[in-house]
Amino acid sequence: MALPLRLPRFLGRLLLGFLAHFGRMSLMMAELVRGLAEVKIWLPRTISEAATVGTGSLPIVIVISAFAGGVTALQAGYQWQTSLPVYVLGTLITNTIVLELGPVLISLVLAGRIGARYAAELGTMRVTEQIDALESLGRSPASHLIIPRVLAATVMLPVLVVIADIIGVGAGWYGVKQVLPVTDEDFAFGARYYWRPFDAYYSVIKAAAFGLAIGVVSCYMGFNTQQGAEGVGKATTAAIVTSSVVILLLNLLLARILLT
Amino acid sequence: MIELRGVRKRFGEQIVLDGVDFVVREGETMALLGPSGTGKSVLLKHINGLIRPDRGQVIVDDLNVHTLKRNELAELRTRIGYVFQNGALFDSMDVFENVRLGLSDEAKYKDKDYAQARVAECLKLVNLAPETSTKFPAQLSGGMRKRVGIARAIAGAPKYLLYDEPTSGLDPVNANVIDDLVRRLDKELGVTSVMVTHDVRGAFNVADKIALLSDGKIVLQGLPEEFRESTDPKVKAFLERDFEPDTPFAA
C-alpha cells in the first residue's frame with residue numbers, strides 16, 4: 001500500500017478500536033447500573049469478595065508500606081539540612097506517605113494482584129463459556145460477577161491504604177530515628193503541626209478512586225476476553241497495564257482538582 | 001416452537017450463517033448436523049439470545065428473541081435449558097451448587113429443602129450418584145461433567161433443551177450413554193430439543209428430525225429416512241463421512 005494511505009488507515013483503525021472499547025465499556029457500565037437493583041444477589045458475593053481481597057492483600061500491603069516508610073526515612077536522612085528544625089521530618093514523612101506513597105504505591109501493586117486475578121478469573125469464565133452459561137440460566141453476569149468485584153476493590157482499597165499509611169508512617173518514624181538525632185516528641189510534633197484532616201480524606205478518596213478503576217478496568221478486560229488461553233493472558237496483561245496507567249492519570253487529575 | 005427466519009451472521013469477513021431458515025415443532029427432537037466450524041453452535045446460541053443475528057428473526061414461543069427487553073429475555077431463558085459443549089460448570093462451585101443454579105424460580109432456589117430434593121432428582125435422572133453433589137468440576141470425568149451440565153439444564157424444568165455437542169470428546173461407550181440419556185430425557189420430560197452434533201450415528205439414534213448445516217445454509221431438514229434417501233451431494237458426502245469443507249463435494 002502507498003505510504004500516504006498507510007497513516008490514515010492506521011489512524012482509522014485506531015479510532016475504530018477506541019470506539020469499540022468505548023461502546024463495550026458503556027454497555028458494561030449500563031449493565032452494572034441495572035444490576036445494582038439486585039441487591040440480594042450482589043451483596044453477599046461482595047462481602048465474600050471483599051474478605052478475600054482484604055485478607056489476601058494484607059501481607060503484601062504490610063511489607064510494601066513498611067519498606068516505603070523505611071526508605072522515605074533513609075532518604076530524608078540522606079538529604080537532611082541541619083539548618084532546618086528536626087520536627088519537619090515528622091511532617092515530611094507523614095505527608096509523603098499519606099498523600100502519595102501510601103495510596104499510589106499500594107494501588108499500583110494491587111492493580112497487579114487484584115486486577116490480574118479479576119481479569120484471569122473472568123477471562124477463563126468467558127472462554128470456558130461459564131459466563132454464557134450464567135446468562136443462559138437467565139441470570140445477570142453483572143450482579144453475579146462484576147458488581148461484587150468492582151465494589152470489593154472500591155471498598156477494600158481505602159481500608160488497605162489506611163493500614164498502609166499507619167504502617168508506613170510508623171516505619172518512617174522508627175527509621176528516621178536510626179539515622180538522625182530526632183526524638184519521638186519532635187516527630188510527633190512535626191506530624192501534628194502541619195496535619196490537616198483533609199490529608200486523610202484525600203488519601204482515602206484517592207484509594208477509593210483507584211480501587212474503582214482497578215475493578216472496572218480489570219472486569220472489563222476479563223469480561224471481553226477472546227480466543228482461549230492466549231486471550232486470557234492478553235486480557236490479564238492489559239488489565240494490569242491499563243489499570244496502572246489509569247491510576248497515574250487519576251492521581252494527577254485528583255491532585256489538580258482536590259489540592260488547588 | 002422454535003423458528004429461525006432468514007438468519008444471517010458474520011464475524012469480521014467470515015459469513016457464518018447466510019440466511020438460515022429452521023423450524024423445530026413442539027415435542028420434536030431435532031439433530032443439527034454439520035462439519036466442525038460451520039456455525040452449528042452459533043446457530044444454537046441465537047435461539048436463547050446469546051448471539052444476535054445481523055439480519056433475520058429468531059422466534060421462540062411466538063416471541064421474537066432479539067427484540068425482547070432484558071427482563072423478558074431473562075424470563076424466556078428460564079424456559080430454555082442449554083447444555084454446553086464442555087459442561088461450562090462453574091469451577092468455584094460444587095456439583096450441588098452448579099445444579100441448584102439451574103433453578104430459575106428464585107423462591108425455589110432459596111428453599112434449601114426443595115433445592116436439595118430437586119438437585120438429587122436431577123442427578124438421578126442423569127444417572128449420577130447422590131454423593132457426586134459434593135464434588136467440584138475438576139474432580140469429575142468429561143462424561144460426568146456433561147451429565148452435570150444436563151442436570152443443571154433440566155433443573156428448572158425447561159420447555160426447550162439445547163444440546164451443544166453433548167457427545168464430543170467422549171469414547172463410544174460414554175457417547176452412547178449420553179445419547180440414551182438425551183433420548184430418555186426428551187421422552188420422560190416431554191421437552192422440545194435441538195442437538196448440535198457432528199456424530200451422524202448419534203443423530204440418527206436420538207432425533208425425530210435431522211437438519212444439515214453447510215456453507216451457512218440449511219441444506220436439508222427432514223425425517224431420518226429422508227436423509228438416508230437424499231440424493232443431495234452434500235448430504236450424501238456428510239453421511240458417507242468423506243466431507244471435506246474446502247474441496248469440491250463428492251458426487
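**Figure 1. Right-handed crossing of H3(A) and H6(A) in the predicted model.** In this predicted model, H3(A) passes H6(A) in a right-handed crossing. On the side of H3(A), the contact is formed by A:Val88, A:Leu89, A:Gly90, A:Thr91 and A:Thr94. H6(A) contributes A:Asp186, A:Phe187, A:Ala188, A:Phe189, A:Gly190, A:Ala191 and A:Tyr193. Sorted by class, the residues of this contact comprise seven nonpolar, four polar and one charged.

**Figure 2. Axis geometry of the H3(A)–H6(A) pair.** Helix H3 of chain A spans residues 88-127, and helix H6 of chain A spans residues 184-193. The two axes come within 6 Å and cross at roughly 60°.

**Figure 3. Contact between chain B and chain A.** The contact brings together 14 residues of chain B and nine residues of chain A. Helix H2 of chain B, residues 70-77, supplies three residues, the largest share of the side of chain B that touches chain A. By class, that side of chain B consists of seven nonpolar, five polar and two charged residues.

**Figure 4. Overall fold of chain B.** Chain B contains 10 helices and 10 strands. Its radius of gyration is 18 Å, close to the 18 Å given by the globule rule for 251 residues, so chain B is as compact as a globular protein of that length. Along the principal axes, the C-alpha atoms of chain B fill a box of roughly 60 × 45 × 35 Å. Of the 251 residues in chain B, 44% are buried. Among contacts in chain B that link residues at least 6 apart in sequence, 65% join residues at least 24 apart.

Figure 5. B:Leu44 is located in helix H1 of chain B, which covers residues 40-47. A residue counts as buried when 20 or more other C-beta atoms lie within 10 Å of its own; B:Leu44 has 23 such atoms within 10 Å and is therefore buried. Leaving aside residues up to four places away in sequence, B:Leu44 touches B:Leu162, B:Asp164, B:Val194 and B:Val196. B:Leu32 is 12 residues from B:Leu44 along the chain, and the C-alpha atoms of the two residues are separated by 9.2 Å.

Terms used. Residues are numbered from 1 along each chain as its sequence is written. Chains are lettered from A and ligands numbered from 1 in the order in which they are written. This is a predicted model: local features need pLDDT of at least 70, side-chain atom pairs count only at pLDDT 80 or more; totals for chains, interfaces and linings use all residues. Axes are lines fitted to C-alpha atoms, for helices over the stretch in contact, and angles run from 0 to 180 degrees between N-to-C directions. Helices (H or I, at least four residues) and strands (E, at least two) are DSSP runs, numbered from the N terminus. A crossing is left-handed if the near helix is turned anticlockwise from the far one by less than a right angle, and right-handed if clockwise. Two residues are in contact if their C-beta atoms, placed from the backbone, lie within 7 Å. Ala, Val, Leu, Ile, Met, Phe, Trp, Tyr, Cys and Pro count as nonpolar, Asp, Glu, Lys and Arg as charged, and the others, Gly among them, as polar. The radius of gyration is taken over C-alpha atoms; the globule rule is 2.2 Å times the number of residues to the power 0.38. A residue is buried if 20 or more other C-beta atoms lie within 10 Å of its own, exposed if 12 or fewer, and partly exposed in between; C-beta atoms are placed from the backbone.
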